[in-house]
Amino acid sequence: MKIRSLIIVFLLTCFSLPVLGQKEVQLLVIGGGASGVSAGIQASRMGIETLILEETPWLGGMLTAAGVSAIDGNHKMPSGIWGEFREKLYAHYGGPKAVETGWVSNTLFEPSIGNRFFQEWVKEQTSLTVIQQAIWKEIKHEEGKWKVVYLKDQEENIVFAQMLIDASELGDVIASLKLDYYVGMDSRDRFGEQYAPEQANDIVQDITYVVTLKDFGQGKDMTIPKPKGYDPTVFACACDHADPTSFDDPTNDCQKMLNYGKLPNGKYMINWPNCGNDIYMNIIELNPFERKEALKEAKLHSLRFVYYIQHELGYKHLGLADDEYPTEDQLPFIPYHRESRRTLTESILTLPHVLDPFKQSESLYKTGVAVGDYTIDHHHKMNPEAPEIDFIKIRVPSYNVPMGSLIPKGSTHLIVAEKNIGVSNIVNGASRLQPVVLGIGQAAGAIAATALLEGKNLQEVSVRSVQQNILNSNAYIMPYIDVNPKHKHFQSIQKIGATGILKGFGVPYKWANQTWFYPEKEVSEFELAEGLRPYYTSLSNYWSASGEMLTISFLHGLLREIDDKIEIRDLEKVWLEAGFEKDLFNLDQRLTRLQVAVLVDNILNPFAIPVNLQGLLED
């Protein structure tokens with residue numbers, strides 16, 4: 001009996017031990033690219049136990065592992081984690097001028113430095129774990145939790161999570177879960193975009209296997225062996241129109257072509273669209289083995305261009321950087337994907353919402369969680385079958401990405417980030433850029449964390465709660481370039497802007513589009529009354545506002561129509577606390593948009609009035 005009892009105790013002990021390789025977290029992020037690492041940092045900062053699974057040894061995705069280390073856009077909107085990343089670059093290289101090395105961007109850096117920053121950054125987060133060189137194999141949602149099986153060092157492991165973010169490069173998670181998504185160009189009728197082709201197709205943007213070259217010094221011959229299939233005529237026009245933004249001044253300047261992506265420390269990002277290393281292939285629906293095989297040609301194409309630069313153009317001293325990527329071929333870990341699957345989400349950001357956000361039936365701008373200013377830019381030069389679309393004519397202002405674009409239709413515990421969010425094919429040409437994707441990732445982390453902290457699913461979580469958490473992280477929800485997070489009243493302007501009570505002024509401008517708040521501009525009585533009317537039923541029959549400029553006296557009277565307990569001393573109290581000049585507080589004082597935003601925000605707090613994912617007031 002004694003032996004039998006010992007056996008029973010032994011078996012019970014064995015079965016109570018934790019299963020090897022199992023882990024449980026609140027949030028799991030698939031992909032440590034630009035959006036994934038940003039999501040993980042944001043959620044961890046909000047106290048959420050987070051795990052990132054990343055296939056490569058690097059973090060940062062297109063910014064680092066793909067070598068696209070020249071930032072496109074958001075130079076005047078240093079939103080959240082993007083702004084923090086840029087400050088790290090400034091500190092490392094010696095200020096803004098030290099990273100203005102190439103003419104394509106205001107911010108260029110060595111990919112390995114970007115990776116180092118991300119690696120150090122995640123280690124600083126007490127609630128964040130990163131497992132790299134890990135490949136997920138199976139994902140299921142069962143018994144109220146996500147169960148993800150992944151391989152690490154050839155061993156199977158399991159992680160359970162309450163919330164999941166798909167931050168993969170091509171939207172592979174949503175495909176495995178059989179969610180609805182789009183690939184390729186949308187038809188004109190799908191989203192009512194006049195510039196779209198009549199029929200939908202599966203044509204995606206050209207991809208690029210970026211190369212980082214290094215100057216080894218004059219006299220050095222770093223010419224690589226002639227790659228298989230080399231044909232110099234393919235690259236013959238590479239130096240023509242060396243500046244693609246200057247169509248009226250064609251040039252033939254090979255050094256200018258190289259300086260496009262000139263990096264600090266004598267390096268060059270080779271990511272050249274004009275007879276360069278762009279290549280067309282759609283590998284989205286291929287399996288991992290098929291993708292790897294297809295990408296061999298993309299690598300070869302880039303190496304052929306390198307050989308052309310060295311052999312034909314005479315830049316023999318420029319060779320593959322030997323201190324960037326720890327890969328056998330000295331090329332990046334992954335290619336630059338400009339498109340992935342695009343998920344059918346609760347909101348779809350389409351061209352009309354970007355062109356004229358304040359005049360749509362859905363007020364998606366009110367639900368903004370990330371911002372962008374880069375123009376709509378599509379690469380289709382390497383596919384002669386791609387329908388011709390003149391993207392230069394699609395002039396847009398800066399814009400924001402709605403919260404609903406990150407939530408798959410009907411989803412309760414899955415969020416999308418990276419380039420798989422709910423946007424049209426045309427809008428993806430702008431939303432795919434690095435700072436926007438960093439912002440999308442930060443927003444995804446904030447959405448997940450807010451839902452988990454409040455014990456709600458994604459269909460229940462408040463848009464305004466998420467936006468407030470984003471604002472608290474010094475990130476933008478409205479794309480106003482003239483009031484940045486260092487401004488004392490940044491949050492008031494962002495919140496009043498997100499209500500639509502005071503609207504911004506959009507300006508399509510070159511390759512860095514704009515939306516202005518104009519804080520010092522005066523406000524008319526009618527403008528404010530019209531802005532407030534949708535939020536307060538007491539103003540539905542109020543027509544006493546004219547085109548005269550708004551004064552403190554009129555504002556007080558208007559506010560009393562909403563709440564008759566508001567006294568003039570309430571306005572004065574907010575005025576003084578805001579730091580406005582004491583002597584200017586008098587009944588006849590005309591008010592600026594900044595002053596109105598601060599007064600209305602602090603006295604009425606209309607931002608607290610709930611809106612749904614379409615930006616409409618909740619019933």
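Welcome! Helix α8 lies across β9, β11 and β13, and runs at about 160 degrees to β13. Here contact means heavy atoms within 4.5 Å, while axes are lines fitted to C-alpha atoms, for helices over the stretch in contact, with angles from 0 to 180 degrees between N-to-C directions. Helices (H or I, at least four residues) and strands (E, at least two) are DSSP runs, numbered from the N terminus.

This is a predicted model, in which local features need pLDDT of at least 70 and side-chain atom pairs count only at pLDDT 80 or more, while totals for chains, interfaces and linings use all residues. Residues are numbered from 1 along each chain as its sequence is written, and side-chain values use heavy atoms, with hydrogens and water left out.

**Helix α8**

- Helix α8 covers residues 288-312, and its 25 residues should span 36 Å at 1.5 Å a residue; the end C-alpha atoms are 35 Å apart, which agrees. The expected span is 1.5 Å times one less than the number of residues.
- At the N-terminal end, N287 caps α8 through a side-chain oxygen 3.1 Å from the backbone nitrogen of F289.
- After α8 comes G314, with a positive phi near 90 degrees.

- Four strands make an open sheet with antiparallel pairing, in the order β10-β11-β9-β13. Each edge strand, β10 (262-263) and β13 (318-320), has a single partner strand, so one side of each is left without a neighbour in the sheet.
- Two strands count as paired if DSSP finds at least two bridges between them. β9 (residues 211-215) and β11 (residues 267-270) are joined by 4 bridges in the antiparallel sense, and L213 has Y268 in β11 as its bridge partner.

- Strand β2 (residues 50-54) is largely enclosed by the rest of the structure, because 5 of its 5 residues are buried. Buried means under 20% relative accessible area, exposed means over 50%, and partly exposed lies in between (1.4 Å probe, protein chains only).
- T50, I52 and E54 point one way from β2, with L51 and L53 pointing the other way, and all are buried.
- β1 (residues 22-30) pairs with β2 in the parallel sense over 4 bridges, and V29 has I52 as its bridge partner in β2.
- Together with helix α2 (residues 34-45), β1 and β2 make a right-handed β-α-β unit. Right-handed here means that, with the strands pointing away from the viewer, the path from the first strand over the helix to the second runs clockwise.
- β3 (residues 128-132) runs parallel to β2 and is joined to it by 5 bridges; in this pairing T50 stands opposite L128.

**Loop residues worth a look**

- Most residues other than glycine have a negative phi. K178 has a positive phi near 60 degrees; K178 sits in the loop between α5 (172-176) and β7 (181-182) and is exposed, with a relative accessible area of 73%.
- E418 also has a positive phi near 60 degrees. E418 is in the loop between β17 (414-416) and α10 (425-431), and counts as buried at 0% relative accessibility.
- V99 lies in the loop between α3 (80-93) and α4 (111-124) and is buried, with a relative accessible area of 0%.
- Leaving aside neighbours within four places in sequence, V99 is in contact with L89, Y90, Y93, N106, T107 and L108. V99 and L263 are 164 residues apart in sequence, yet 7.5 Å apart in space, C-alpha to C-alpha.

Conventions: A polar contact is a pair of N or O atoms within 3.5 Å; within protein, one must be able to donate a hydrogen and the other to accept it, and residues adjacent in sequence count only if both atoms are side-chain atoms.
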